[in-house]
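Visitor: I have the model open on my screen. Can we walk through a few spots together?
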Amino acid sequence: AGTTVSPQRALGISAWYSGVRYISEVMAGLPVHRFRRLPGDGRERRESPAWMTVPDVEQPWYGLVEFWLMSLLHRGNAYAFKIRNPGGQVYGLREIHPDRVTVGQAPDGTKRFVIDKDERLWTTREVLHIPGLAYDGRVGMNPIRCSADALGTVAATDEYAARFFTNNTNLGGVISVEHAMSRDEAQALNAEWEEFHQGILNAHRTGVLSKGARYDRV
C-alpha cells in the first residue's frame, strides 16, 4: 500500500495494540515456579531467588517480562544482561533494547553479540537471548516485517479515512468564478469555503458561496 510501518505506527492500529497489550500483560502476570528433580519421576518445589521478584533496581519481574514480550512482538528477539556476583552466580537481569543488539556467530557455532555497534563481542554468558519464531532456531524473525503488507494496508486505510473525513467526505471539487482572481482572492475564497463546510461536523450541510462563485464536484 506504499505505507511504511514501524513498531510505533503498528501500535497506532487498535487491533495490533489490543493484541500486543493482551499478550504482554497476560504473559507477564503468569506465575513462575521452580522445581528440583528427585530420583525417579518425582520433583519438589524450590524457593525462587530474590532476583526473580526484582531482577534489577526499580525493575520488577512483571515489568521485565512485559518488556521481553514487547521486544519479541515488535523485533522478534528479546535480550537482557546477566548480572553476576563475584562468585559468578547470576543474581539479576537488566533489559537490553533489541535495536541495540546485532547477533553474529563464532567459528565454533556459538552466538556472539555486538551492542551499540561497539567492538566488544559479548557471549551467552553475559547476554540472555530469547529468540522468537525463527527459521534457523537462533535468531527470531521480525513480526512487523513479516506482516508489513497487512499492517501497511490497515495503516493506509486509516490514513485514507482520516483524509476523507477531514475533507468533509468530499474528495474533490472546483470553485469557479466568471472573472479573473488574484492568488490572494482565490485563497480567501477557498478558506471561506473550508471554514464553513470542512470537517465531519459540517458534513451534508448546504453550501453557500458569494460573488457569483460556483462549486462543481469532480
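Visitor: Is Lys117 buried or exposed?
Guide: Lys117 is exposed, with a relative accessible area of 80%. Buried means under 20% relative accessible area, exposed over 50%, and partly exposed in between, with a 1.4 Å probe and protein chains only.

Visitor: Before we go on, what sort of model is this?
Guide: This is a predicted model, where local features need pLDDT of at least 70, side-chain atom pairs count only at pLDDT 80 or more, and totals for chains, interfaces and linings use all residues. Residues are numbered from 1 along each chain as its sequence is written, and side-chain values use heavy atoms, with hydrogens and water left out.

Visitor: Back to Lys117. Where does it lie?
Guide: Lys117 lies in the loop between S6 and S7. Its phi is near 60°, a positive value in a residue other than glycine.
Visitor: What counts as a helix or strand here?
Guide: Both are DSSP runs, numbered from the N terminus: helices are H or I with at least four residues, strands are E with at least two.

Visitor: Switching to H2. Which residues are buried there?
Guide: Trp16, Val20, Ser24 and Ala28 are buried in H2. Down the axis of H2, these buried residues fall within an arc of 70°, so they line one face of the helix. The arc is that of the directions from the helix axis to the C-beta atoms.
Visitor: What covers them?
Guide: The cover includes H1, H3, helix H4 (143-146) and helix H5 (148-166). Contact means heavy atoms within 4.5 Å.
Visitor: And which exposed residues are on the face turned away?
Guide: That face of H2 carries Ser14, Ala15, Tyr22 and Gly29. Ala15 has a relative accessible area of 59%.
Visitor: How far is Ala15 from Lys111?
Guide: They are 35 Å apart in space, C-alpha to C-alpha, and 96 residues apart in sequence.

Visitor: Now H6. What span should it have?
Guide: At 1.5 Å a residue, the 15 residues of H6 (residues 183-197) should span 21 Å, and its end C-alpha atoms are 21 Å apart, which agrees. The expected span is 1.5 Å times one less than the number of residues.
Visitor: Which of its residues are buried?
Guide: Leu189, Trp193 and His197 are the buried residues of H6. They pack against strand S8 (173-176) and strand S9 (214-217). On the other side of H6, Arg183, Asp184 and Glu195 are exposed.

Visitor: Last topic, the second largest pocket. What is its volume?
Guide: About 200 Å³. On a 1 Å grid over the protein atoms alone, a pocket is an open set of points where a 1.4 Å probe fits, with protein on both sides within 12 Å along at least five of seven lines; lining residues have an atom within 4 Å of a point. The volume is the space filled by probe spheres set on the points, which are joined across faces, edges and corners.
Visitor: Which helix gives the largest share of the lining?
Guide: H3, with six residues. Helix H1 (7-11) and helix H3 (61-75) each supply at least two.
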